[in-house]
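Have the structure open while you read.

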Amino acid sequence: MKHRDDPLGRWLARCALAPVGEDRFETPPVGSGRRLFGGLLAAQAALAAMHTVAAGRLHSLHGYFLRPGRPGATLGFEVTRIRDGRRFATRRVVVRQLGEPVFELSAGFTADEHGVAHAHEPPLDGLSSLEALPPPESLPDWEAVRAAETGEPPRTPDAIDVRVCRPLEDRPEGTPSSHRLVWMRPRGPLPDDPALHAAALIYASDRTLLRTAARLHGSLRQRLPASLDHAVWLHHPPRWDDWILYASESPIAHGGRALVQGRMLTRTGTRLATITQEGLLRRPRPLDPPPPPPPPPPKRASSRKGSGSKRQLLPGDRS
């Protein structure tokens, strides 16, 4: 199978949108898994929007997951040009599958300009700097950690290599913090295309994010997580050639919905992106008890008169 042993090549193939009309694109079906990864839908929708903007780079997006994307069916991307200004542009993308919308995206574009600038990074969960973290090369692949925790066989390697800084906190018996720190990088060099670098960051921004909140409420087998909406702000022209740190925290969850906020930092501490997501965390509902057995049928009223051993003699009864 093509790209079977090349996860980054497989991801790049899925990001190759085919034009099928004015501001309309398609991608071939994905043939495995129970549902499509939300980060893939967001990255593909962002690429569809970028294909319709001649100048300016993507600086923000806001997406809503409307229905689960299903493997085995073509995805269609419909782009609407909301605005084309002198320095800003706005696009709306609706992703459809089998005639139903599954994802909706609003994307903003801007031309780079010289202007005000500042940067202040809050402490990383009590750490003084990124140098206090274990280097990514010393940490195990997160897919191996996940398989050991859930007891499931390892999944097919993803295009993004993920290394959790504190893997013990992810175990069911661990004491997790509301903060989570992971290293990420593509499993190989990306093409020299800014749009693909932006799409890769958007794709990776949905990796492990909701787990920041979910792990506070028990083991993986006790939860049914799902992303509801997703927002990304790209602060610098994206370039992803090295490990980045994905720092996330979940300040609140209520009514089964958890809010998670994240930031992507280079190894030198420059913030590339800010991410916010709300996700649905539902515990599996217990099976309904079996219905009670039907009541016994009512007894028929006796047609015999009298009581005891006597009975009515009928015509012809000679006993």
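1. Start with Arg 96 and Glu 78, whose side chains meet in a salt bridge, 3.1 Å from N to O. Arg 96 belongs to strand 5 (residues 88-97) and Glu 78 to strand 4, so the pair ties together parts that are 18 residues apart in sequence. Arg 96 is partly exposed, at 32% relative accessible area, and Glu 78 is partly exposed as well, at 31%. Bear in mind throughout that this is a predicted model.

2. Across the model, the count of salt bridges comes to 20. As a reminder, side chains of opposite charge can pair when their charged atoms come close.

3. Another salt bridge to click on is Arg 81 with Asp 23, at 2.8 Å from N to O. Arg 81 sits in strand 4 (residues 75-84), while Asp 23 is in the loop between strand 1 (18-21) and strand 2 (24-27), so this pair ties together parts that are 58 residues apart in sequence.

4. Asp 112 lies in the loop between strand 6 (100-110) and helix 3 (142-150), and Arg 57 in strand 3 (residues 57-65), so the two tie together parts that are 55 residues apart in sequence. Arg 57 is buried, with a relative accessible area of 17%; the cut-off for that word is under 20%.

5. Strand 1 and strand 2 form a hairpin with two residues between them, and Asp 23, in the turn, has a positive phi of about 60°. The two strands run antiparallel and are joined by three bridges, with Ala 18 standing opposite Glu 26 of strand 2.

6. Why call strand 7 (residues 160-164) largely enclosed by the rest of the structure? Because five of its five residues are buried. Both of its faces are covered: Ile 160, Val 162 and Val 164 are buried on one side, and Asp 161 and Arg 163 are buried on the other. Strand 7 runs antiparallel to strand 8 (residues 179-186) and is joined to it by five bridges, with Ile 160 partnering Pro 186.

7. Helix 4 (residues 194-204) has 10 of its 11 residues buried, so it is largely enclosed by the rest of the structure. Among the buried residues are His 197, Leu 201, Ile 202 and Tyr 203. At the start of helix 4, a side-chain oxygen of Asp 193 reaches to within 3.0 Å of the backbone nitrogen of Ala 195.

8. Now look at how helix 4 packs against helix 2 (residues 38-50). Their axes come within 8 Å and cross at roughly 155°, and the helices are therefore roughly antiparallel to each other. The crossing is right-handed.

9. Finally, two residues to check for backbone geometry. Leu 98 has a positive phi of about 55° although it is not a glycine; it lies in the loop between strand 5 and strand 6. Thr 208, also not a glycine, has a positive phi near 65° and lies in the loop between helix 4 and helix 5 (211-214). Which is buried and which is exposed? Leu 98 is exposed, at 72% relative accessible area, while Thr 208 is buried, at 11%.

Technical notes. Residues numbered from 1 in each chain as written. Predicted model: local features only at pLDDT ≥ 70, side-chain atom pairs only at ≥ 80, totals over all residues. Heavy atoms only, no water. Buried < 20%, exposed > 50% of the residue type's maximum accessible area, 1.4 Å probe, protein only. Helix = DSSP H or I, 4+ residues; strand = E, 2+ residues; numbered from the N terminus. Pairing = 2+ DSSP bridges. Salt bridge = Lys/Arg side-chain N within 4 Å of Asp/Glu carboxyl O. Polar contact = N/O pair within 3.5 Å; in protein donor to acceptor, adjacent residues only side chain to side chain. Axes fitted to C-alpha atoms, helices over the stretch in contact; angles between N-to-C directions. Parallel < 35°, antiparallel > 145°, perpendicular 65-115°, else oblique. Left-handed = near helix turned anticlockwise from the far one by under 90°.
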